[in-house]
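This report describes the pockets, cores, ring pairs and selected residues of one protein model. Please consult the sequence and structure shown here while reading.

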Amino acid sequence: MVKSFFKGITLSIFLLVCAGCANNSTAIKEIKVGLHNNNELKIQIDVLTASPVDAYAEYWVDKGSDSTKQVSPISKNTERHKLVLCNIAPKTNYAYHIVTVVNGVKTISKTYTFSSHELPLFLQEQFTAKSASENHIPAEFKDGLMLINKRYAPGVAYMVDYKGQIKWYHMIDNLGFKVIHFTKDHTLLSILGRNDEPTSYGSEILEVNLEGDTLLHLKKGQGDFKQTIHHEILKNTSNQIVTLFVDQKIMDLSTVGGGKKDTVNGDGIIVMDKTGKQLWKWSVFDVMDPFKDPKLLKTKKDWMHANSLNYDKDGNYLISFYNNGQIWKVDAHTGKVIWKFGKGGNITMPAECNFTQAHAAHINMEGNLMFFDNGVEKHQSGVFAMKLDQQQKTSTIDLHIQLPKEVFNGRMGSAYMINDTSVLCCCSKRHIVVLSDRKGVLLWTMETAVPTYRAIFVKSSELSPYLKP
């Protein structure tokens, strides 16, 4: 459904196209142009053809040449075509034509034009990017976009280029995008939550495609989805939903000064299908005794604080905890803890690996365990990438970046490799995203108006054909 039409476009195109179509059974009968889902950076062209055909739009910035034209996804074997054009720049004049295909034969319509609108005020001046020299910015970084989320209502998911320009956005009115993930299916999977829910905690799951259409929307209470979820939302190889949840356990804490029916909030992993049916569940209570924590009365409201979940190369889980400063590997079938990395863990660490709290633990492009070091004790954040010998339970440092103390980030944050020489770091509490070389020299910075949880880099190849950096 076209939400909003550009004035004067629909009628004029209808008359021009239909004038010559009376005797052509595959001709275009009608074209309507408007906004898709009321989004200023997505244009919807509705095309009516005389019979079922394949159709797509080719469009370009209207400068008298279509040498740099972009192509919409193809609408196949129908009379009514909804063509969504992404990668639209604000306040820009575009030209386009419609291509119809029958039995492999292409027919190109006349060329028409439209003008995009200015971004709404609430989306303007959200990101300010700076670099000492553009020559220092890696080509790989320019050839991709950053996925950034606004956590409070109205929630916004942004795709931003290295110049700080918003290339794509999706907005929801009454909830925030608490956490967001770009999936292997080139969709955006997120946890939604109210403003009164904690920072990275929510009660709804939303998946949208790059056209901005909803593919999945689950709410707490549907099926087996009964728990508050938080900090991570993923898919597994079976296209099922994997997330962290708050596992509440009623316990008798009277022996340590608590109540006989006290509540300890732990964490767990839950796997669900798209109806909310639980397929697998694991809890820290399965593998750890809360009474072994001498600070349990202080930590019971958020005992472990799991803050990231990902996969090791063999498909088992990597889960990081803020409160005990450890990263665990958990068997994705049995729930057994395979190893613990960090202070008090069972993998030997070099003395120089003195991280305090970690976020966004994952296996990087070089096959090493990588994470953002909040650096709470030394008041300096950074990045570690560790080579693990999982058989011998030993580790060595492959990469250690100490970020400038001016961007110290004691909570939240992320770090992901762009190439073998640069790392994109999100310093959430400082409202800044930085690109660092392996020595900690900042090559580029971007100040953000929103305190994003992470900055996830998405390559151009994963965005095609919808977006081009």
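Thr394 lies in strand β29, where helices (H or I, at least four residues) and strands (E, at least two) are DSSP runs numbered from the N terminus. The model is predicted, so local features need pLDDT of at least 70 and side-chain atom pairs count only at pLDDT 80 or more, while totals for chains, interfaces and linings use all residues. Residues are numbered from 1 along each chain as its sequence is written, and side-chain values use heavy atoms, with hydrogens and water left out.

The relative accessible area of Thr394 is 33%, so the residue is partly exposed; buried means under 20% relative accessible area, exposed over 50%, and partly exposed in between (1.4 Å probe, protein chains only). Leaving aside neighbours within four places in sequence, Thr394 is in contact with Ile347, Thr348, Lys387, Leu388 and Asp389, contact meaning heavy atoms within 4.5 Å. Although Thr394 and Met349 are 45 residues apart along the chain, their C-alpha atoms are separated by 6.5 Å.

Lys393 lies in the loop between β28 (382-389) and β29 (394-402). With 26% relative accessibility, Lys393 counts as partly exposed.

Tyr317 is found in strand β23 (residues 317-321) and counts as buried, at 4% relative accessibility. Beyond four places in sequence, Tyr317 touches Val242, Ile269, Val271, Trp280, Leu309, Asn310, Tyr311, Trp328, Lys329, Val330 and Ala332. Tyr317 and Met349 are 32 residues apart in sequence, and their C-alpha atoms are 20 Å apart in space.

Thr275 lies in the loop between β20 (262-272) and β21 and counts as exposed, at 53% relative accessibility. When neighbours within four places in sequence are set aside, Thr275 is in contact with Leu218, Gln222 and Gly223. From C-alpha to C-alpha, Thr275 and Gln240 are 10.0 Å apart in space and 35 residues apart in sequence.

## The largest pocket

The largest pocket has a volume of about 1200 Å³. A pocket is here an open set of points on a 1 Å grid over the protein atoms alone, where a 1.4 Å probe fits, with protein on both sides within 12 Å along at least five of seven lines; lining residues have an atom within 4 Å of a point. Grid points are joined across faces, edges and corners, and the volume is the space filled by probe spheres set on the points.

The lining comprises 39 residues, of which His181, Phe182, Leu234, Asn310 and Tyr311 lie nearest the centre of the pocket. Strands that each supply at least two lining residues include β13 (176-182), β18 (229-235), β21 (278-283) and β22 (306-311). By class, the lining has 17 nonpolar, 13 polar and 9 charged residues. Ala, Val, Leu, Ile, Met, Phe, Trp, Tyr, Cys and Pro count as nonpolar, Asp, Glu, Lys and Arg as charged, and the others, Gly among them, as polar.

## Nonpolar cores

The largest nonpolar core has 25 residues, and those with the most contacts inside it are Phe141, Met146, Ile148, Tyr158, Leu424 and Trp444. Such a core is a set of buried Ala, Val, Leu, Ile, Met, Phe, Trp, Tyr and Cys residues joined through side-chain atoms within 4.5 Å. Strands β10 (144-150), β11 (155-160), β12 (166-172), β31 (422-427), β32 (432-437) and β33 (442-448) each supply at least two residues of this core. A second, separate core of 24 residues includes Leu296, Trp303, Ile319 and Val330.

## Aromatic pairs

Rings of Phe, Tyr and Trp (its six-membered ring) pair if their centres lie within 6.5 Å; planes under 30 degrees apart count as stacked, over 60 as edge-to-face and the rest as tilted. By this rule the count comes to 16 aromatic pairs. The ring centres of Trp282 and Trp328 are 6.4 Å apart and the planes stand at 80°, so this pair is edge-to-face. Trp282 lies in strand β21 and Trp328 in strand β24 (residues 326-330), so the pair ties together parts that are 46 residues apart in sequence. Both Trp282 and Trp328 are buried.

## Backbone features

Most residues other than glycine have a negative phi, and most peptide bonds are trans.

| Site | Feature | Value |
|---|---|---|
| Ala153 to Pro154 | cis peptide bond | omega near -10° |
| Ser464 to Pro465 | cis peptide bond | omega about 5° |
| His231 | positive phi | phi near 65° |
| Lys393 | positive phi | phi near 60° |

Pro154 is placed in the loop between β10 and β11, and Pro465 in the segment after α4 (460-463). His231 is in strand β18 and is buried, with a relative accessible area of 4%.
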